[in-house]
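Please read this report alongside the sequence and the coordinates shown here.

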Amino acid sequence: MNEKQIHRFVQRYLDATGCHIIEKSPAHFTVKLSPEADRILTNRPYYWSFVDRTGAEPETMTFRFITDKSKYETNANAAPADHAGRSVMDAAADAAMARSLGFVHGSPAAPARVPEEVLHFGSQRLEQIFGAARAGGRFVCLFQEPERRSRHPLESTPYTAWLGVNMKVEFASDRKREEIHSFGVSLATGQFVERFHERLVNLRMTPRLPPNIHLAKNGLTLGKALAAIEGSLEKKLRGYDYEWAKEASQRLKEELAQVAHYYEPLIAGAEEESKAAIAEQYERRKEEIRWQYEPRVTASVINCGIFHLEGIG
């Protein structure tokens, strides 16, 4: 993930969580967090429990997120400095932060310097934002933006609600393989679509209900739609070649035999007071080997949503 991709991702996260961007450039954001983002990113449970108990107006934190350190430093060094030796960029950001915090010119209290965080792939703060985005985006409700606006105010376009689910299937033993499956089910007609994500990727979606549309009546419950997806995935998995599982089971058998060859004579020849400890170690080692080699197939939902798409499908 390069600097431009990180910058675009952070911009989308800040917009989605309603943060107030005080200042930005292609290399950074100076942002006053929204209450939602502050709760997630700043680890201040006691402060937020106080706000929740008392109903006080929350005061969120301000950060400068740097998405391209070298470019940011180049721009900062090129900017003229003010009388305090700070760049005009820093002075402007501090002034903007002061306004956002309610300070006015001449106030005896000066705003604190904005804490800076360099965001790069693998950094703790960026991983935290990734986790917050995954947790907050596991379920969405979106509408397709119409390709053309209705010319007549009474003209209405039908939309159909689809349940879309992205699932991860993991084939694991001492080796691992993963697959991603995307399914869609029309809640109006029951139509079933595989690779549903590819249908959505080129559409413009919005969380707001577009004007001049009406929603088709659902004929299928979410429970039945999800059961159809589970049934389809199960049928697909039954048709796979599981030779790898037989080979993994054979390796498991061989590993257990080697461990037994070591531990069983050891237990038989041990002093009576030592046998229990060795037997416990033997059982623990067998469990470790089973966990490592035993073949298993697991399916889990990555994310899902209700997607209202144009037409009756």
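## Sheet and packed helix

In this predicted model, V31 stands opposite F63 in β3. The strands β2 and β3 run antiparallel and are joined by 5 bridges. They belong to an open sheet of 4 strands, which has the order β1-β2-β3-β4 and mixed pairing. At the edges stand β1 (20–25) and β4 (116–118), each of which has a single partner strand, so one side of each is left without a neighbour in the sheet. From one strand to the next, the twist averages 20°.

Helix α4, formed by residues 69–78, packs on the sheet and touches β2, β3 and β4, while its direction makes about 110° with that of β3.

## Nonpolar cores

The largest nonpolar core has 17 residues, and those with the most contacts inside it are V10, Y13, L14, L33 and F65. Two or more residues of this core come from each of α1 (3–16), β2 (28–32), α2 (35–41), β3 (62–66) and α6 (124–136). When its neighbours within four places in sequence are left aside, Y13 is in contact with A37, I40, L41, I129, A132 and A133. Another core, of 14 residues, lies apart from the largest one and has A161, L163, F183 and A225 among its members.

## Surroundings of T160

T160 is found in strand β6, which spans residues 157–172, and T160 is buried, with a relative accessible area of 0%. The side chain of T160 reaches the backbone oxygen of G311 at 2.6 Å. Beyond its neighbours within four places in sequence, T160 has contacts that include S186, A188, A216, F307 and I312.

How values were computed. Residues numbered from 1 in each chain as written. Predicted model: local features only at pLDDT ≥ 70, side-chain atom pairs only at ≥ 80, totals over all residues. Heavy atoms only, no water. Core = buried A, V, L, I, M, F, W, Y, C linked by side-chain atoms within 4.5 Å. Buried < 20%, exposed > 50% of the residue type's maximum accessible area, 1.4 Å probe, protein only. Contact = heavy atoms within 4.5 Å. Polar contact = N/O pair within 3.5 Å; in protein donor to acceptor, adjacent residues only side chain to side chain. Pairing = 2+ DSSP bridges. Axes fitted to C-alpha atoms, helices over the stretch in contact; angles between N-to-C directions.
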